[in-house]
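Please look over the sequence and the model shown here before reading on. The report that follows goes through selected side chains and their surroundings.

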Amino acid sequence: MKRKLAVAIDNTLWDLIRPWIGLYNVLYKDDVQYEDITQYEFFDRLKTESKSEMLNLLTSEGFWDSVFPYENSYEYLKKLNDEYQLYIVTSTSYRTPRDKFDRLFDIFDFLTEDQLIITSNKTLLNIDIMVDDCIDHLTEGNYMKFLIDAPYNRSANDDTIIRVDDLKD
């Protein structure tokens with residue numbers, strides 16, 4: 001029986017932050033860079049008035065067409081799909097447009113809808129391995145934990161979590 005592996009979407013399979021802050025920079029005439037994002041919940045460091053304002057940018061016409069997979073993520077995810085019982089997991093709000101998921105299945109055309117899990121509490125999953133960029137999804141949970149390195153999680157220090165650069169690692 002194959003081991004169960006869950007892989008996050010945003011900033012694990014594809015780069016969400018750069019197009020998101022790029023759109024923010026244009027709309028709010030700011031100059032936030034990727035390396036400036038030093039905490040996962042970065043909204044309070046921006047000029048927007050609320051978190052919901054920033055989240056609304058994700059519903060902008062054509063936004064998801066500007067989100068691209070990381071180099072080799074297709075190749076490595078396909079390999080993992082063959083070797084594990086693979087699930088794609090996201091804590092995305094139910095308000096997130098269908099465009100996000102259409103984009104996911106267009107890019108990673110070997111995935112099926114049955115492999116997609118949407119939950120705000122990933123620690124509830126009954127899996128063997130989790131790969132995520134958010135430390136909060138890895139601090140609890142009874143599974144092997146891999147953290148995708150990013151500026152906003154570099155202060156995390158947990159001996160139970162293995163830090164990696166990408167799916168290849």
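## Selected side chains and their contacts

Thr92 is buried, with a relative accessible area of 11%, where buried means under 20% relative accessible area, exposed means over 50%, and partly exposed lies in between (1.4 Å probe, protein chains only). This is a predicted model, in which local features need pLDDT of at least 70 and side-chain atom pairs count only at pLDDT 80 or more, while totals for chains, interfaces and linings use all residues. Residues are numbered from 1 along each chain as its sequence is written, and side-chain values use heavy atoms, with hydrogens and water left out.

Thr92 has its place in the loop between β4 (85–90) and α4 (98–107); helices (H or I, at least four residues) and strands (E, at least two) are DSSP runs, numbered from the N terminus. The side chain of Thr92 is joined to that of Thr90 by a polar contact of 2.5 Å, and a polar contact of 2.5 Å also links the side chains of Thr92 and Lys100. A polar contact is a pair of N or O atoms within 3.5 Å; within protein, one must be able to donate a hydrogen and the other to accept it, and residues adjacent in sequence count only if both atoms are side-chain atoms.

Charged side chains come next. A salt bridge is a side-chain nitrogen of Lys or Arg within 4 Å of a carboxyl oxygen of Asp or Glu, and by this rule the count comes to 7 salt bridges. The table gives some of them.

| Salt bridge | N to O distance |
|---|---|
| Asp15 and Arg18 | 2.9 Å |
| Arg98 and Asp102 | 3.3 Å |
| Asp132 and Lys122 | 2.6 Å |

In the pair of Asp132 and Lys122, distant parts of the chain are linked, with Asp132 in strand β6 (residues 129–132) and Lys122 in the loop between β5 (116–118) and β6, 10 residues apart. Both Asp132 and Lys122 are buried. Elsewhere, salt bridges that share partners join Glu35, Asp149, Arg154 and Arg163 into one network.

Arg98 and Asp102 are separated by about one helical turn, because they lie 4 residues apart in helix α4. Arg98 counts as exposed at 61% relative accessibility, whereas Asp102 is partly exposed, with a relative accessible area of 31%.

Which residues gather in a patch of negative charge on the surface? They are Glu71, Asp165, Asp166 and Asp169. Patches are made of residues with over 30% relative accessible area and no salt bridge, with like charges joined within 9 Å and nonpolar side chains (Val, Leu, Ile, Met, Phe, Trp, Tyr) within 5 Å. Asp166 has its place in the segment after β8 (161–164) and counts as partly exposed at 33% relative accessibility.

Two loop residues remain. Lys29, in the loop between α1 (17–28) and α2 (51–56), has a phi near 50°, a positive value in a residue other than glycine, and Lys29 is exposed, with a relative accessible area of 69%. Asn72, found in the loop between β3 (68–69) and α3 (73–83), has a phi near 70°, again a positive value in a residue other than glycine, and Asn72 is partly exposed, with a relative accessible area of 36%.

Methods
Areas by Shrake-Rupley, 256 points an atom, 1.4 Å probe, with all protein chains shown as cover. Lys, Arg positive; Asp, Glu negative; His and termini not counted. Charge placed at Lys NZ, Arg CZ, Asp CG, Glu CD.
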